[in-house]
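Visitor: I'm new to reading protein models. Could you walk me through a few features?

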Amino acid sequence: MLSTKLPKMFYGGDYNPEQWSRETWEEDIRMFKLAGIDVVTLNVFTWALNQPDEETYHFEWLDEIIDLLYSNGIYVCLATGTANHPAWMANRYPDVLSVDFAGRKRKFGFRHNSCPNSPTYKKYAKLLVEKLANRYQNHPAIVVWHVNNEMGCQCYCDNCEKEFRVWLKKRYGSLEELNKAWNTRFWGHTFYSWEEIVLPNLLSEHLDESNPNKTAFQGISLDYYRFNSDSVLDRYLDEYEILKKTTPNIPITTNYHGHATYKPLDYFKWSKYVDIVAWDNYPAFDTPESTTAFRLDMMRGFKDGDPFMIMEQTPSQQNWQPYNSLKRPRVMRLWSYQAIARGADTVMFFQLRRSYGACEKYHGAVIEHVGHENTRVFKEVAELGAELQQLGEILLDSRIDTNIALLFDWENWWAVEFSSGPSDQLKYVEEVQKYYKAFFSKNIAVDIINAEADLSKYDLVIAPVLYMVKDDLDKRIEQFTSRGGTFVTTFFSGIVNENDLVHLGGYPGKLRNLLGIWVEEMDALYPGKTNQIVMKKEIKGFKATYECGILCDLLHTEGAEIVAEYGSDFYKGMPSLTRNKFGKGEAWYIASSPDAEFMENLINHLCNQHSIKPILKTPSEVEVTKRTKDGKSFTFLLNHSDEVKQIHFSNDTYEDIITKKLYHGEAILEPKGVLIITPVETGMD
């Protein structure tokens, strides 16, 4: 449970009282209570207000609003306010200003432009957080600390360059090892002094401002991404350590970017250092439900299945997309329950009251510019608030159980897309999501894991485009498979080590023995061009031929069974799908990027082998998940369509935990409707 002070799902969001009068605060709190809002996030962008110069601090306004909220039964998620340095700091201490990818020094403005290796930023951020921690350590309103906000800045300044050299010394120990890891004899890059090393950007190793992935030295650019992610993490840890020392019993988090797959920061590594994962959920009007589900499952996967926070979502519309459409009626409720269905234990919004100036004045809010509760959006928020009050703690800390894992690794992602070929069409996130969607469409739960995860609890592990095989990953995959697991990987796997150096001796490198194949060549297909996967033997559930594209590996078997072959081009008849027995298990290799129908048929086959069944079979556009707690299960049915859907389930009797209505054998799900059902014993036949 996130807090014993509030034994239910947190319901609330970001509030900016510093932009409003005391009279407005009181009116807003009246409406918060009408909406069932019980947690308010404060102090996110207030550094300039709280600290007007090096020596002066003003927290009186913050005292006042925290006390006022608490006296009205509303708790506080207190941000540290370090997300945007003040203008005075930028003017007097320019080292806080970041340098962009093209080598240009920024001026004050926008946000998230603080250099993560600025001594000035580090000094004043820590001082501010110490003041906050000491001032509010015993205030009963505080239920969670919120460090910074959507952290992340890639900086290429002189301070970062100096710290990069320090980071490299710790990683490699000597220039000899660094030169070996980076293969610096290529293009005469051998370094004889640490001071000779420069950051990789448009002034050094990178080639194209419009495509930051194009680099001459993948190993150098890969290490910069690692270094930058670690540098930003260090600034988070500065604050975390102060808060944890002063308030050890208050959980601490920071909100991850709205794209869960935010490339600059390795969120698997970061998640070791948050007490609870928090995410800002901002799908567009046309974002596929499976994509949002993938990101939600990733949040759950960051801390081995623990529940997470939705720190932000919009109650109606966003402000930064080309077309900021409204959330249609019931969609906010539907998407909130989708998050809960996949492991969230909070529902929170940005923002609680609309700003009246600057770029977020048209971003949706619980309280609109009209300033009263008589709006469609407010009424929907209040209805959901009442439901969450009714649910209480029934779902808190419940888990999602699965024996399937989908491997997604940040360093692998960086390396795949830094690679100089073989195809610009290869996008790592998209390839992983293709496999995820096949499970999603079958209502089969999966865990999203990274390369460090324990594989022993799974029956099936799928690792699309596992380009980088680092540390002992190959040995752990072999152990998993030999014990009876099924391992699946694809083209462009097993190619390089952690430094992006090719595993010599033939692809797929350290996976070659496990897979029983070796890859001779890789053919990159032009956009729109395809080949075919032609089944060589009849397998139940598979049709004869499928389309494939992007890359086609030309491979030879070394003990693996050929399950399918290519259907065209000069490599027609070469293997496109193989299966290798390994100990008690088997390892599959998919040599190209197949169409969706192939993926669904393969998933069906593999799940049947392990007796893995869908949670429930449903009509199209009805999403199903299941959370369990203390031996009791809660099945979520979410209708993403604009049509009524009829759901059939077993002859057991179920109760909807929201409406208390009983269902026996079937249910009708309204457009954008939600059911959360649990089995009950009624004595019915």
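Guide: Buried means under 20% relative accessible area, exposed means over 50%, and partly exposed is in between (1.4 Å probe, protein chains only). Keep in mind that this is a predicted model, where local features need pLDDT of at least 70, side-chain atom pairs count only at pLDDT 80 or more, and totals for chains, interfaces and linings use all residues. Residues are numbered from 1 along each chain as its sequence is written, and side-chain values use heavy atoms, with hydrogens and water left out.

Visitor: Which residue does Glu-600 meet in a salt bridge?

Guide: Here's the general idea: side chains of opposite charge can pair when their charged atoms come close. A salt bridge here is a side-chain nitrogen of Lys or Arg within 4 Å of a carboxyl oxygen of Asp or Glu. Glu-600 pairs with Lys-442, at 3.8 Å from N to O. Lys-442 sits in the loop between α14 and β11 (447–449) and Glu-600 in helix α17 (residues 596–609), 158 residues apart, so this pair links distant parts of the chain. Helices (H or I, at least four residues) and strands (E, at least two) are DSSP runs, numbered from the N terminus.

Visitor: How many salt bridges does that rule give?

Guide: The count comes to 44. Another one joins Glu-64 and Arg-22, whose closest N and O atoms are 2.3 Å apart. Glu-64 is in helix α3 (residues 60–71) and Arg-22 in helix α1 (residues 22–35), so the pair ties together parts 42 residues apart in sequence.

Visitor: What about Glu-431 and Lys-434, how far apart are they in helix α14?

Guide: They are 3 residues apart, which means about one helical turn. Their side chains meet in a salt bridge (2.8 Å, N to O). Glu-431 is buried, at 2% relative accessible area, while Lys-434 is partly exposed, at 30%.

Visitor: And how do I read two helices packed together?

Guide: Two packed helices are described by the angle between their axes and the distance between the axes. Axes are lines fitted to C-alpha atoms, for helices over the stretch in contact, and angles run from 0 to 180 degrees between N-to-C directions. Helix α10 (residues 289–302) and helix α14 (residues 428–441) pack at about 100 degrees, their axes 10 Å apart. The two are therefore roughly perpendicular (65 to 115 degrees; under 35 is roughly parallel, over 145 roughly antiparallel, the rest oblique).
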